Amino acid sequence: LITKNGMRVIRDNPDGSRHPWVPQTLDTLLGDILVQHGGKEANRRDILAGKHVGLLFAAQWSRPSLQLLKKLYLTYKSIKQRRE
């Protein structure tokens, strides 16, 4: 946890000059190990090699986020069925 008062930190520092963290790369944030369904751990690079990956950051309380998530799921399911 960086701060419990994220909105205040951002509001009081609109230019970002006093942020309490340094931005990290996605590679660093994801780490080397991913947890698969069932709890099995595996090397991220092995699992994702040659695959396209999408990341969605959404809020469960946001209706537009939930609607987008549903559309993304249905699109993914459709693409997956066509490939099988």
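Ser-65 touches Ala-58 and Ala-59, leaving aside residues up to four places away in sequence. The model is predicted. Ser-65 lies in helix H4, which covers residues 63–83. Its relative accessible area is 18%, under the 20% cut-off, so Ser-65 is buried.

**Overall fold**
- The chain has 4 helices and 2 strands.
- From the N terminus on, the order of elements is α-α-β-β-α-α.
- The radius of gyration is 18 Å, well over the 12 Å that the globule rule gives for 84 residues, so the chain is more spread out than a compact globule.
- Along the principal axes, the C-alpha atoms fill a box of roughly 50 × 35 × 25 Å.
- Of contacts between residues at least 6 apart in sequence, 3% join residues at least 24 apart.

**Surface and burial**
- Buried residues account for 8% of the 84 residues.
- The accessible surface of the chain is about 8,100 Å².
- Carbon and sulfur atoms hold 56% of that surface.

**Around Ala-42**
- Ala-42 sits in strand S2, residues 41–43.
- Ala-42 is buried, because its relative accessible area of 16% is under 20%.
- Leaving aside residues up to four places away in sequence, Ala-42 touches Asp-32, Ile-33, Leu-34, Gln-36 and Ile-47.
- Ala-42 and Gln-60 are 18 residues apart along the chain, and their C-alpha atoms are separated by 28 Å.

**Charges and salt bridges**
- The chain carries 15 positive and 7 negative charges, and the mean positions of the two sets are 11 Å apart.
- Side chains of opposite charge can pair when their charged atoms come close.
- The count of salt bridges is 4.
- Asp-12 forms one with Arg-11, with the closest N and O atoms 3.2 Å apart.
- Asp-12 is partly exposed at 41% relative accessibility, whereas Arg-11 is exposed at 57%.

**The salt-bridge network**
- Asp-27, Asp-32, Arg-44 and Arg-45 are linked in a network of salt bridges.
- Asp-27 and Arg-44 meet at 2.5 Å, N to O.
- This pair links distant parts of the chain, with Asp-27 in helix H2 (residues 26–30) and Arg-44 in helix H3 (residues 44–48), 17 residues apart.
- Asp-27 is partly exposed, at 39% relative accessible area.
- Arg-44 is buried, since its 8% relative accessibility is under 20%.
- Arg-45 and Asp-32 meet in a salt bridge at 3.2 Å, N to O.
- This pair also links distant parts of the chain: Arg-45 is in helix H3 and Asp-32 is in the loop between H2 and strand S1, 13 residues apart.
- Arg-45 is partly exposed at 45% relative accessibility, and Asp-32 is partly exposed at 48%.

Note on methods: Residues numbered from 1 in each chain as written. Predicted model: local features only at pLDDT ≥ 70, side-chain atom pairs only at ≥ 80, totals over all residues. Heavy atoms only, no water. Buried < 20%, exposed > 50% of the residue type's maximum accessible area, 1.4 Å probe, protein only. Contact = heavy atoms within 4.5 Å. Rg over C-alpha atoms; globule rule 2.2 N^0.38 Å. Areas by Shrake-Rupley, 256 points an atom, 1.4 Å probe, with all protein chains shown as cover. Lys, Arg positive; Asp, Glu negative; His and termini not counted. Charge placed at Lys NZ, Arg CZ, Asp CG, Glu CD. Salt bridge = Lys/Arg side-chain N within 4 Å of Asp/Glu carboxyl O.
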